[in-house]
Amino acid sequence: MFRKNNFMLLDKLKEKLKISFIVPCYKSEKTVDETVNSILDLKLRDFEICLVDDGSADRTWKKLKSYRDKFPDIVKINQNTKNRGGGYTRNRCFSMSTHPY
């Protein structure tokens, strides 16, 4: 009974929460697909994914653009012109987010 109630509560939370996923990316062409797909698999109702490429020299930016084109309502992207580091890039992601959580 306890377990069933927890799942019911989780389902209710999924319907009400507005979540921003903050994803700084640097040389992430091999891992960004798994990251974005795992977020999409959560089956949340109201969420956004904020991705910033931190000046990667690989195909990270191209992959981010493809996700934005495929999911324009939930994926926001930006790109640093040069590598600025994790803190700067994370803050840039936060500045793009519009949801409270």
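Predicted model: local features only at pLDDT ≥ 70, side-chain atom pairs only at ≥ 80, totals over all residues.
Biologist: Where does K27 lie, and what is the value of its phi?

Modeller: K27 has its place in the loop between β1 and α2. Although K27 is not a glycine, its phi is positive, at about 50°.

Biologist: Which loop holds K43, and what relative accessibility does K43 have?

Modeller: K43, a residue other than glycine, has a positive phi near 60°. The loop that holds K43 is the one between α2 and β2. With exposed meaning over 50%, K43 counts as exposed because its relative accessibility is 62%.

Biologist: What pattern does the protein follow along the sequence?

Modeller: The protein has four helices and three strands. Read along the sequence, these elements follow the pattern α-β-α-β-α-β-α.

Biologist: Over how many bridges do β2 and β3 pair, and which residue of β3 stands opposite L51?

Modeller: β2 also pairs with β3 in the parallel sense, and here the pairing extends over five bridges. Opposite L51, the residue in β3 is I77.

Biologist: Which hand does the crossover from β2 to β3 have?

Modeller: β1, helix α2 (residues 32-40) and β2 make a right-handed β-α-β unit. From β2 the chain passes through helix α3 (residues 60-70) to β3, and the hand of this β-α-β crossover is right-handed.

Biologist: Why is β2 largely enclosed by the rest of the structure?

Modeller: Buried residues make up 31% of the 101 residues in the protein. β2 is largely enclosed because, of its eight residues, the number buried is seven.

Biologist: Which element gives the largest share of the largest nonpolar core?

Modeller: This core has 16 residues, and those with the most contacts inside it are F47, I49, L51 and V75. Two or more residues come from each of β1, α2, β2, α3 and β3. The largest share, four residues, is given by β1.

Biologist: Leaving aside neighbours within four places in sequence, which residues is V75 in contact with?

Modeller: V75 belongs to the residues with the most contacts inside the largest nonpolar core. Once neighbours within four places in sequence are left aside, the residues in contact with V75 are I49, L51, Y67 and R68.

Biologist: Within what arc do the buried residues of α4 fall, and which strands do they pack against?

Modeller: In helix α4 (residues 86-96), the buried residues are T89, C93 and M96. Seen down the axis of α4, these residues line one face of the helix, because they fall within an arc of 60°. On the other side of α4, N91 and S95 are exposed. The strands against which the buried residues of α4 pack are β1 (18-25), β2 (46-53) and β3 (75-79).

Biologist: What percentage of the accessible surface belongs to carbon and sulfur atoms?

Modeller: The accessible surface of the protein comes to about 6900 Å². Of this surface, the part that belongs to carbon and sulfur atoms is 52%.

Key
Residues numbered from 1 in each chain as written. Heavy atoms only, no water. Buried < 20%, exposed > 50% of the residue type's maximum accessible area, 1.4 Å probe, protein only. Arc of directions from axis to C-beta. Contact = heavy atoms within 4.5 Å. Areas by Shrake-Rupley, 256 points an atom, 1.4 Å probe, with all protein chains shown as cover. Right-handed = clockwise from strand over helix to strand, strands pointing away. Pairing = 2+ DSSP bridges. Core = buried A, V, L, I, M, F, W, Y, C linked by side-chain atoms within 4.5 Å.
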